[in-house]
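Dear colleague,

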Amino acid sequence: MNCIMCGSDGMHQQRRNVPYRSLRGTVLVGVKVWECAECGEQEVVIPAINELDRVLARAVANKPGRLTSDEVRFLRKHLGWSGADFAGHFGVQPETVSRWENGTEMGPQAERLLRVCVTRLEPIDDYLSLERLLNRQTEQETLTKPIRVQHRDNQWELAA
């Protein structure tokens, strides 16, 4: 393997404990690190990063004590929300989210809601569906569109 910085073919692999930059205070134990013998450049190999973030998000959401600002930011990003998305879903101003992520503690109700979102929702990549789900459906739409389900192969599923 060649170094991306100096082009040397002197990269050597080791296993090390390294900090995880996405969540301050987290250490990845025994991950592969390639280091260039020529220039010292290091490349950290993090396998299955989405699964790693899922495990970390659940651990943070279930931890005792208050969430730190870094944890709030990590959980928001894990859910796939921008700061504006987060503010809209929680019924607060974007400035409030910024304060939560920069040192002001969330209120206990907002913190509970964030923890529930992390433990009950999958990370969102379909923003339109999330908007409809959380706050765009009118009562009339709900009343005129019944949910249809069917039992097939010993399980319930939504009907077409």
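**Surface and fold**

The accessible surface of the protein chain amounts to about 11,000 Å², and 51% of that surface belongs to carbon and sulfur atoms. Please keep in mind while reading that this is a predicted model. The protein chain has 160 residues, of which 31% are buried.

As for secondary structure, the protein chain contains 7 helices and 5 strands, and when they are read along the sequence they follow the pattern β-β-β-α-α-α-α-α-α-α-β-β.

**Aromatic residues**

A pair of aromatic rings is described by two quantities, the distance of the centres and the angle of the planes. The count for this structure comes to 5 aromatic pairs. One of them is formed by Trp 81 and Phe 86, whose rings lie 5.8 Å centre to centre with 35 degrees between the planes, and this pair is classed as tilted. Both Trp 81 and Phe 86 are buried.

Trp 81 also pairs with Phe 90: the ring centres are 6.1 Å apart and the planes stand at 70 degrees, which is over the 60 degrees that the class requires, so this pair is edge-to-face. Trp 81 has a relative accessibility of 3% and therefore counts as buried, the limit being under 20%. Phe 90, with a relative accessible area of 13%, is buried by that limit of under 20%. Taken together, Trp 81, Phe 86, Phe 90 and Trp 100 form one aromatic cluster.

**Interior space**

Rolling a probe the size of a water molecule over the atoms shows where empty space is left. A search of the whole structure for cavities of 30 Å³ or more finds 1, and the largest cavity holds about 30 Å³ of space. Which residues line the largest cavity? Its lining consists of Arg 54, Arg 58, His 78, Val 118, Leu 121, Glu 122 and Pro 123. Sorted by class, the lining of the largest cavity has 3 nonpolar, 1 polar and 3 charged residues.

With best regards

Methods
Residues numbered from 1 in each chain as written. Predicted model: local features only at pLDDT ≥ 70, side-chain atom pairs only at ≥ 80, totals over all residues. Heavy atoms only, no water. 1 Å grid on protein atoms, 1.4 Å probe; cavity = no way out; pocket = protein on both sides within 12 Å on 5 of 7 lines; lining within 4 Å. Points joined across faces, edges and corners; volume = space filled by probe spheres on them. Nonpolar A, V, L, I, M, F, W, Y, C, P; charged D, E, K, R; others polar. Phe/Tyr/Trp six-rings, centres within 6.5 Å; stacked < 30°, edge-to-face > 60°. Buried < 20%, exposed > 50% of the residue type's maximum accessible area, 1.4 Å probe, protein only. Helix = DSSP H or I, 4+ residues; strand = E, 2+ residues; numbered from the N terminus. Areas by Shrake-Rupley, 256 points an atom, 1.4 Å probe, with all protein chains shown as cover.
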